[in-house]
Amino acid sequence: DLAAKERDLDAAHQQTTELRERVRQLQQQVESQDEAEGLRRRRENQKENEAARERRRADEAEAENRKLSLRATHQESELERLRAQVDDRDQEASELRERLRGVERESG
């Protein structure tokens, strides 16, 4: 009866040892999975952050393009205004030359 109890105790001890080893293995698996999940999340966050940076850069470039386009439109308007002034001055100069010729003919 004592020998049977010792065998039962040895068997229980063996099962306990095997269960502890299995628990250790499972803990390692969980830790590895946690590490892999953490790495995956970090990579995903890095991709999201890079995408956000790209969107910001695109938005900034678009804003700069709009600003330059407005400036170009303003400069074109200013150029047209100046051309009109030049045309007016040319017309005035032509009229003055004609008047001067008329005066020269009359006095002449």
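Predicted model: local features only at pLDDT ≥ 70, side-chain atom pairs only at ≥ 80, totals over all residues.
## E95 and the helix

E95 is partly exposed, at 43% relative accessibility (buried is under 20% relative accessible area, exposed over 50%, and partly exposed in between, using a 1.4 Å probe and protein chains only). E95 sits in helix α1, which covers residues 2-107. The protein chain has one helix and zero strands (DSSP runs, numbered from the N terminus: H or I for helices of at least four residues, E for strands of at least two).

Residues are numbered from 1 along each chain as its sequence is written, and side-chain values use heavy atoms, leaving out hydrogens and water.

## Overall shape

The C-alpha trace spans about 155 × 10 × 5 Å along its principal axes. The chain's radius of gyration is 46 Å, whereas a compact globule of 108 residues would come out near 13 Å (taken over C-alpha atoms; the globule rule is 2.2 Å times the number of residues to the power 0.38). Of the 108 residues, 3% count as buried.

## Salt bridges

The structure holds twelve salt bridges (a Lys or Arg side-chain nitrogen within 4 Å of an Asp or Glu carboxyl oxygen). E50 pairs with R53 at 2.8 Å and with R57 at 3.1 Å. R53 and E50 are three residues apart in helix α1, about one helical turn. E50 is partly exposed at 33%, as is R57 at 41%.
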